[in-house]
Amino acid sequence: MIRKVLSYHCIYRCINVAKVIFSYAASALCHKYIGIGTPFTASIEPANYCNLRCRQCPTGLGMTDRQKAKMTIEDFKKTLDAMLPDVMYVNLYFQGEPLLNTDVPEMVAYATKHGVSTCISTNGHFLSQNMSERLKQAGLDRLIISLDGADSESYSLYRTGGNFDTVIQGVKYAVGAGLNVELQCLLLSSTENRKNEILEIGRKLGADRITFKTAQFYSQDALMPANEHHSRYKKGTLELKRGLRNRCWRIISSIVINTEGEVIPCCYDKKGLHSYGNLLKAGGTKKALCDILNSQRAIDFKNRVFSNRKCIQICTNCTE
Ligand code: SF4
């Protein structure tokens, strides 16, 4: 019986993914949103605030005008249930530090139980031995830990209020618990010339992967990398090197649901300005989510992305 249900889900999900791929290709070709299929990845935000004040982070700097909140386990279950069986992969983070919500392992366990892969991205300050073991037991598939520096001094230049040694200790606990750990480092003027040292730290700690990522900037900053290859922007500007194409795989294949229940197009919409609607206020059901995703507001937004993306401010600073 279980095998039957699993294989049904597997076929159902594969068909849905094929529809989503078709939807993307057709929308890009027609320069308007052609809605077929349902997003199969999601980000759900366990907490919308953070313990750090990172230099370019709208949340850490208190620029998002949101009341501090954590998602309850009941609201999480409702949210995930509304997305099943289509959703296959859930990021348990968006704006805030997810591990400020101590129910996160329970959320991971619930997703795992329903055949959904999970990923958490954390600043590493709340990775105690106990938390690491709970996450492992819950079945977490991937843990990203931000390590934007080779030592305390370089780390603190970007991660204001953070503690390098605490993060290193957190990585040790996570690796010790057997979690799949990725150390992620932003390419900044403070890190771009220290890649080898950071790689060495990661190897010594036993991380599964060490990755380097270009950083998003909202204003000119001394931490912008000097090497143009390390930046997503043209040298000395905030203009994307890649240019803007009227297409977006992300809004077709995934959705973001923030702590308050707002259904948001993507993680670039930090303030939820383009929310399609509030899932929790609408009852948190599958039908409510379907109505929100097919609302005029959602369709209008997607049409604009596929026809004239540069008119949407968040899309002008996005590498998608
Ligand atoms: S900012 Fe715009 S282009 Fe980028 S992921 Fe979001 S909707 Fe797509």
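This is a predicted model: local features need pLDDT of at least 70, side-chain atom pairs count only at pLDDT 80 or more; totals for chains, interfaces and linings use all residues.
Helices here are DSSP runs of H or I with at least four residues, strands are runs of E with at least two, and both are numbered from the N terminus. Residue numbers run from 1 along each chain as its sequence is written.

Back to α6 itself, residues 164-176. Its 13 residues should span 18 Å at 1.5 Å a residue, and the end C-alpha atoms are 18 Å apart, which agrees. The expected span is 1.5 Å times one less than the number of residues. Which residues of α6 are buried? They are V167, G170, V171 and A174. Buried means 20 or more other C-beta atoms within 10 Å of the residue's own, exposed means 12 or fewer, partly exposed is in between, and C-beta atoms are placed from the backbone. Down the helix axis, the buried residues of α6 fall within an arc of 105°, so they line one face. That arc is taken over the directions from the helix axis to the C-beta atoms. These residues pack against α4 (129-138), β4 (142-146), β5 (181-187) and α7 (195-205), a contact being two C-beta atoms, placed from the backbone, within 7 Å.

Next, helix α2, residues 73-83. Here F76, T79, L80, A82 and M83 are buried. Viewed down the axis of α2, they fall within an arc of 155°, so they too line one face of their helix. Their packing partners are β1, α3 (104-113), β7 and α9 (286-293).

That brings us to strand β7, residues 254-257. S254 and V256 point one way, I255 and I257 the other, and all are buried. β7 pairs with β1 (residues 41-44) in the parallel sense over four bridges; pairing requires at least two DSSP bridges between the strands. In that pair, I44 stands opposite I257. With β8 (residues 262-264), β7 pairs in the antiparallel sense over two bridges, and there I257 stands opposite V263. The hairpin of β7 and β8 has four residues between the strands, and G261 takes a positive phi near 100°.

Last, the ligand. Of the 13 residues around the ligand, C248, C266, Y268, C315 and C318 come nearest, where near means a C-beta atom, placed from the backbone, within 6 Å.
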